[in-house]
Amino acid sequence: MIGFIQRLNPRRSLKLKTLLGYTLIVFLPVLAMYVYLSMSTAQQLLNGEGMRRQVQMAQATASLERELDRMEGLCDLLHQNAYVMEYLHYPYSAEWEPVYNYIKYIRPHIQYALTHLPRVVGLRIYAAKENILQLGGRFMPMSLLDGDATGYWRGSWRLSAGDGKLIYRRAISDADYMQAIGVVELTAAETVIDEYLNELRAQEQGSAGYERSMRAVVDIDGNVVRGNRPPIDVGMESGDGFALLGDYAVNKIRLERLGVVVVSIWSVSDFMGGASRIILSNGVWLVALLVVLSGVYLIFIRALIRRIVLLSRHFHGMNDGFLRPYEGETGEDEVGELIKTFNHMSLRTERLFQEVQQSERLRACAEYAAFQAKIEPHFLYGTLESIRMMADERGDSQVADTILTLSKLLRYRFSSSDDNTRWSDEIADVKRYLKLQKRRFASRLIYTFHIEDENLLNVPCAQFLLQPLIENSITHGLEKRRGEVRISIAMHSDEYSVIVRVEDDGVKIAPDRLLAIQAMLSAGTAPASFTTRDGGYALYNVNARLRLMYGLESGLTIENRPEGGVRATIRMARRHKLINT
């Protein structure tokens, strides 16, 4: 489909191609999908309605089952009544005794039970012994019962097809459960089944096709015991559940203890008639919505194409090889993101170009400094060693030690051919520098080192990162203040970086000067006032080398300590390899 659209006449309007593509790729497939989903939805609605009615029928049936359980419980009460058992089983010595027991103990018990079971309209007890007194119409001889007691050991219900009454019979055994001494017969009113059918009808009220739906109670022979005769064969031999039979939907559930099946029949066409109208109405609204959205889509495409064309013209206008930001309309969509990304790339390219230029300037300065330092350092080392030996011969160990420290310090400065070293060498160089300064300032200078992890000393780093910071602490914190100054050098790491902090408790940096230094370090570029050593060149140099060699997340930060003095923090990313410059 896409290939067909692409092979259209290239001179045709892009808007026309867009409209044709939208119609073939979106509009028609959406309509086809709607037809398919409508048919699927109709089937799902039908199945859902059938399952809903089946659940409601199961709930009503469970309520009827509970009512039958309550009626059957009356037989248990009579079986547990000792006076009823005595009345049915044991012979009395005088006729007044059974009358007395019946009036005093049995009749109140039966009346109380029937009061709580209003749907029980009849109660009789058929006795196995022949000379039973027929009192109150409750006790009858077994000869009046159709059949013997053996058929009612477990109890059985019978639904009368004529009047709809429910009759339950259950045998009463002796204390040893060896023989039946009687049969209890309960007669429930025909309203029990009628109320059950009415509950089913009430549950279906409001559903489509409710007026023409019918309910019936059918026995195992297919005879209608209660309700209307079904217009179709509902299949009595099949199990419970929901089924579609032609234009009719059938919900069926079996009442095992009554030996009947309850069916609910409703018309599929009546139900789908209402659903079809809803689906058709939704289809009309869908087509209208697609038409409106198509117009909006064309307007959007027109604006999108306009920005793409203008951006393309901007690209063609850059003939000098330099990327320049696009200053036209951007937007917040994908095209806008493309324009913003291009503008960011242009600015980033310009910044990288400036950083390369700055790196070249730093390289040139380093080469110039190295050239100035090439004054035959071996001659200088030899001279210092001669002076040290003379001091040793005269017994001045302090002067000899100072000269040895200075010699090692100068050898570290002049012997390195590149800017690569390790933190162990950098820390050792700073210790030598502080040792020399200690000779000068004596007790006024106090310094400490704290290395969190000795393995950090093996991490590669750039050369001369710490000495400028120590020198600043001495120059601006100690020389400008009377009394002692404490300098601490702490080294630790997190997941990504090595962090070194140099702190002193000397003089704070003036607020305006501190803001200028922080802005210079954050921007990575130095104004003219920072190009001299007194103006902060050393801080700028350390920060610039960290960012160039280890990435923009590395660098130097300067801040005043609240309790006094200055804190300088070096953050060096460990995931970057050192770059030879």
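Ground rules, quickly. The model is predicted, so local features need pLDDT of at least 70 and side-chain atom pairs count only at pLDDT 80 or more, while totals for chains, interfaces and linings use all residues. Residues are numbered from 1 along each chain as its sequence is written, and side-chain values use heavy atoms, with hydrogens and water left out.

Overall make-up. The chain has 13 helices and 17 strands. These are DSSP runs, numbered from the N terminus: helices are H or I with at least four residues, strands are E with at least two. Of the 581 residues, 40% are buried. Buried means under 20% relative accessible area, with a 1.4 Å probe and protein chains only. The accessible surface is about 33,200 Å², and carbon and sulfur atoms own 57% of that. That area comes from the Shrake-Rupley method with a 1.4 Å probe.

Now contacts, meaning heavy atoms within 4.5 Å. Take those between residues at least 6 apart in sequence: 60% join residues at least 24 apart.

On to a sheet. Five strands form an open, mixed sheet, in the order β12-β14-β15-β17-β16. Pairing here requires at least two DSSP bridges between two strands. Strands β12 and β14 (residues 485-493) run parallel, joined by 7 bridges. Look for I446 opposite R486 in β14. Helix α10 (residues 423-441) lies across β12, β14, β15 and β17, at about 165° to β12. For that angle, axes are lines fitted to C-alpha atoms, for helices over the stretch in contact, and the scale runs from 0 to 180 degrees between N-to-C directions.

Next, the cores. A nonpolar core is a set of buried Ala, Val, Leu, Ile, Met, Phe, Trp, Tyr and Cys residues joined through side-chain atoms within 4.5 Å. The largest has 46 residues, and L166, L186 and Y196 touch the most other members. Helix α2 (residues 14-80) gives the most to this core, 8 residues. Beyond its neighbours within four places in sequence, L186 contacts residues including M71, C75, V120 and L166. A separate core holds 44 residues, among them M491, V498, A544 and I558.

Last, cysteines. How many disulfides are there? The count is 0, taking a disulfide as a pair of cysteine sulfur atoms within 2.5 Å. C75 counts as buried because its relative accessibility is 3%. C461 is buried too, at 0%.

Terms used
Buried < 20%, exposed > 50% of the residue type's maximum accessible area, 1.4 Å probe, protein only.
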